[in-house]
Amino acid sequence: MNSLDALRDLLGADAVLTGVAAEPYLLDQRKRYRGKALAVVQPASTEAVSALLQWCSRTRTPVVPQGGNTSLCGAATPDDSATAIVVSLARMNRVLEVDAGNNTITVEAGCTLADARAAAASAGRLLAAHWAVDSKVRIGGALGTNAGGLNVLHYGNTRELTLGLEAVLPDGRVLGALRGLRKDNSGYDLKQLFIGSEGTLGIITRAVFRLDTRPTAVTTALVPVIDAQGAIDLLRNLQTAAGDRITSFELISRRCWELIAEHCPELPAPFASLPEWCVLLELSDTGMAEALRERLTAALQSLGLGALARVAQTAEEGAAFWAWREAIPEAQKRRGVSIKHDIAVPISAIPAFLIEAEAALKALHADADIIAFGHVGDGNLHYNLFRDDVSDAAYAVEPAVNAAVYEVVARYHGTISAEHGIGQLKRELLPQFRSATEMDLMRAIKHGFDPLGIMNPGKIL
Ligand SMILES: Cc1cc2nc3c(=O)[nH]c(=O)nc-3n(C[C@H](O)[C@H](O)[C@H](O)COP(=O)(O)OP(=O)(O)OC[C@H]3O[C@@H](n4cnc5c(N)ncnc54)[C@H](O)[C@@H]3O)c2cc1C
């Protein structure tokens, strides 16, 4: 029996996609990597995943787990050898349980983040994980990348929200750690190894997440600041004035507004005169919306920022503020090819990073068009460089550009991947930023879980 027939036999003919049907799964989000695969398969249960991985181990078939395929570093795209199978979890998409007493939700790994959030919301609770592409992202992908997002400052990364998971090891054994416990010190916490492992250790099939209290009041504001240091000062002062009510704190540079104006004209700018730097922030609590808005307005006035700030007066206005923030990736896409960085440094080092990285890039390319924005409340910036539109030649200068940016990152003891992961894009760079001991331990863990090396080859290590 040939491999495709064996897969059809194992999973059912409709679970095995080839040809045109497989194509969308073989091209990454940024269209940088186009892979080939033996097939794209869509198992419908943990038992089917287990049978599939036993077959893959026997036949030494490489396996590329895939969720929503929104990875920004090619982490879910196979190589071009056409030997791997892409395992899409799309058919394992159920919300299994919302346990109101335990304040948890249990979902299959192919459930979209949007569906999981909606299920929590309809039970009056909050699943906090949230970022621009919730309706595409699947739980396995969020876990596989330990994704961050728009409210990490208050709720933490996906890791902090995860209480338990179930995963299938490359040899088909099922790691059953689907426990909804907040305290469990019984030996090594193996689930943690899967979170952020980018599909290199096994396939996550289910997860239990902590739920949070759903805020009754949310207030959103756009606050122009004089520079990045002004943003950091605002964060500290607001933390004093509003405590842990700050749920989002995003920095947006003037170039971002210009880019939106150029490429997303359907969104007219919120300021007559564009600020050099601006913070998009959100406060949430369980009180009255009016009281929260007054608290924020008073705090901004006492900091001398009241006149320039725009505090949303309605939920619709708040949503419009977020639409600008979420338009930045789209505006960049329309602008053309860019060299992207997803860096983090200590929050206090953000102003120096911005000054020094810009100087380094301008020294390399006088025409460097730098787009800086992101989750500054977590010390995480998306720091991207355009040179001229429509040019894949931009990638030719990528190594030198990366070296310039990452030298500054290293000086401030930062990271080259704050939330997007390593994938295939940054694999070569990882050993420069993690010690030899860390790399040895990572390889040993990988070998312990996947001695045949079939899980997502060419990613991370
Ligand atoms: C416009 C835009 C905005 C974004 N904003 C953010 C943001 O704010 N914060 C952030 O962190 N990310 C962001 N991302 C990146 C991306 O959405 C996240 O990395 C997301 O977690 C990927 O989920 P996915 O389901 O698409 O996974 P995929 O891209 O399909 O896979 C990602 C990785 O997880 C692995 N994987 C997938 N499913 C499983 C599984 N069941 N078991 C084991 N491994 C698995 C894959 O092999 C791959 O290595 C953004 C992306 C876009 C396009």
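A backbone N or O atom of Gly68 lies 2.7 Å from an oxygen atom of the ligand, a polar contact in the sense of a pair of N or O atoms within 3.5 Å. The model is a predicted one, in which local features need pLDDT of at least 70 and side-chain atom pairs count only at pLDDT 80 or more, while totals for chains, interfaces and linings use all residues. Residues are numbered from 1 along each chain as its sequence is written, and side-chain values use heavy atoms, with hydrogens and water left out.

For Arg138, a backbone N or O atom is placed 2.8 Å from a ligand oxygen atom, and for Ala75 the corresponding distance is 3.1 Å. The ligand taken alone exposes 980 Å², of which the protein buries 96%; accessible areas come from the Shrake-Rupley method with a 1.4 Å probe, and for residues only the protein chains shown count as cover.

The shell around the ligand comprises 35 residues, of which Pro65, Gly67, Gly68, Thr70 and Gly148 come nearest; a residue is included if one of its heavy atoms lies within 4 Å of the ligand. At least two shell residues are supplied by each of strand S3 (63-66), helix H4 (139-145) and strand S10 (203-210). Helices (H or I, at least four residues) and strands (E, at least two) are DSSP runs numbered from the N terminus. The largest share, five residues, comes from H4. By class, 14 shell residues are nonpolar, 18 are polar and three are charged. In this classification Ala, Val, Leu, Ile, Met, Phe, Trp, Tyr, Cys and Pro count as nonpolar, Asp, Glu, Lys and Arg as charged, and the others, Gly among them, as polar.

Side chains of opposite charge can pair when their charged atoms come close. The structure holds 27 salt bridges, each defined as a side-chain nitrogen of Lys or Arg within 4 Å of a carboxyl oxygen of Asp or Glu. One of these joins the side chains of Asp369 and Arg335, with an N to O distance of 3.1 Å. This pair links distant parts of the chain, since Asp369 belongs to strand S17 (residues 369-374) and Arg335 to helix H11 (residues 315-335), 34 residues apart. Asp369 counts as buried because its relative accessibility is 11%, and Arg335 counts as buried at 9%; buried means under 20% relative accessible area, exposed over 50%, and partly exposed in between (1.4 Å probe, protein chains only).

A salt bridge also connects the side chains of Arg411 and Glu356 (2.4 Å, N to O). Here helix H13 (residues 398-411), which holds Arg411, is linked to helix H12 (residues 350-364), which holds Glu356, across a separation of 55 residues. Arg411 is partly exposed, with a relative accessible area of 43%, and Glu356 is partly exposed at 24%. Arg411 forms a salt bridge with Glu407 as well, the closest N and O atoms being 2.9 Å apart. Because Arg411 and Glu407 are four residues apart in helix H13, about one helical turn separates them. Salt bridges that share partners join Arg254, Arg255, Glu258, Glu262, Arg335 and Asp369 into one network.

On the surface, Tyr188, Leu190, Leu193 and Ile445 form a nonpolar patch with about 410 Å² of accessible area together. Patches are made of residues with over 30% relative accessible area and no salt bridge, like charges being joined within 9 Å and nonpolar side chains (Val, Leu, Ile, Met, Phe, Trp, Tyr) within 5 Å. Leu190 lies in the loop between strand S9 (174-177) and helix H7 (191-194), and counts as partly exposed at 36% relative accessibility.

Notes
Polar contact = N/O pair within 3.5 Å; in protein donor to acceptor, adjacent residues only side chain to side chain.
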